[in-house]
Amino acid sequence: MDTSDRPARLAVGVLGAGRVGSVLGAALMLAGHRVVAASGVSDASARRAADRLGLKLSRPDEVIAQSELVLLTVPDDVLPGLVSGLAATGADLRGKLLVHASGAYGLGVLDPAAEAGALPLALHPVMTFTGRSDDLTRLNGCSFGVTSPDLLRPVAEALVIEMGGEPVWIADRDRPLYHAALAGAANHMVTLVAESQELLAKIGVEHPGRMLAPLLSAALDNVLRLGISGLTGPVVRGDAGTVRKHVDALILAAPEAADAYVALARLTADRALAAGLLKPEAAERLLDALGGNIWT
């Protein structure tokens, strides 16, 4: 991509050159911006800054001083303290684009910096970052949850497009629910699949991942195309006896997983019933098998 003739290329700083910050910085570099400084606290951050950004780590105040756009790519629990600290130390934030990549936070977490003259943006890539070399290519076509003041919306969306992403507007008040939806799908899916692999390994299946892959791929394709109408399995069939056998087997083999199975089976039955996929009488049988009410 030839970016040499583009105006308004920005000097970019990265506060937190971890898995996310180093990737977003590298993506902005590919769009023609200049990553001029980065900070971090770990040896891994130092390696990523060197490998992906061609930089040695600097102090946070040096990053701010050199930058026109600052990526605040630190863990969620650290973000409020970082922003408050920058404002409290009197760092010159006037006119600087201050971008955080947290899904759970909106613009409020940037208020102390905005009061000091910073321009706040929330750009959250809807992607998992593992620290591997393919993280950067995964940004291509990736959705970003975008929240900004109305006047800065064109800037926010342009930055996402330059990084290869697709901007999706999220109202500030909806950020917590937005992030809960994403985390519930992606993070809990990993837990469920890992649990299934361990259960299969317990009974001697040599390659649990190989067994699960076609089933899970088909199930994911079904739900993304069809929603709840893509549901299959014993709950939507109303097979209460099978569901009860599942619960009994889990209580013996993995009691910590039994409660999760019951809770998810109830949620599945509730959704299937509401969608007309499960008849009320079948739902009653499932209710007995699960030992509780599936209606609220």
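**Sheet, helices and surface of a predicted model**

Strand β6 (residues 143-147) is mostly covered, with four of its five residues buried (buried: under 20% relative accessible area; exposed: over 50%; partly exposed in between; 1.4 Å probe, protein chains only). This is a predicted model, in which local features need pLDDT of at least 70 and side-chain atom pairs count only at pLDDT 80 or more, while totals for chains, interfaces and linings use all residues. Residues are numbered from 1 along each chain as its sequence is written, and side-chain values use heavy atoms, with hydrogens and water left out.

Q: How many helices and strands are in the protein chain?
A: Helices (H or I, at least four residues) and strands (E, at least two) are DSSP runs, numbered from the N terminus. In the protein chain they come to twelve helices and seven strands.

Q: In what order do the seven strands form the open sheet?
A: Two strands pair if DSSP finds at least two bridges between them. The pairing in this open sheet is mixed. The order is β2-β1-β3-β4-β5-β6-β7.

Q: Which strands stand at the edges?
A: An edge strand here has a single partner strand, so one side of it is left without a neighbour in the sheet. The two that stand there are β2 (34-39) and β7 (166-169).

Q: Which residue in β7 is the bridge partner of phenylalanine 144?
A: Four bridges join β6 to β7, and these strands run parallel. Four bridges also join β5 to β6, but these run antiparallel, and there proline 125 stands opposite phenylalanine 144. In β7, the partner of phenylalanine 144 is proline 167.

Q: Which residue in β5 stands opposite valine 99?
A: Strand β4 (residues 97-100) and strand β5 (residues 119-125) run parallel and are joined by four bridges. Opposite valine 99 stands leucine 121.

Q: What angle does the direction of helix α4 make with that of β3?
A: Helix α4 (residues 79-88) packs on the sheet and touches β1 (11-15), β3 (69-72) and β4, where contact means heavy atoms within 4.5 Å. Axes are lines fitted to C-alpha atoms, for helices over the stretch in contact, and angles run from 0 to 180 degrees between N-to-C directions. The angle with β3 is about 145°.

Q: Is arginine 210 buried or exposed?
A: Arginine 210 has its place in helix α8 (residues 208-226). Its relative accessible area is 62%, so arginine 210 is exposed.

Q: What separates the C-alpha atoms of arginine 210 and leucine 123?
A: The two residues are 87 residues apart along the chain. Their C-alpha atoms are separated by 36 Å.
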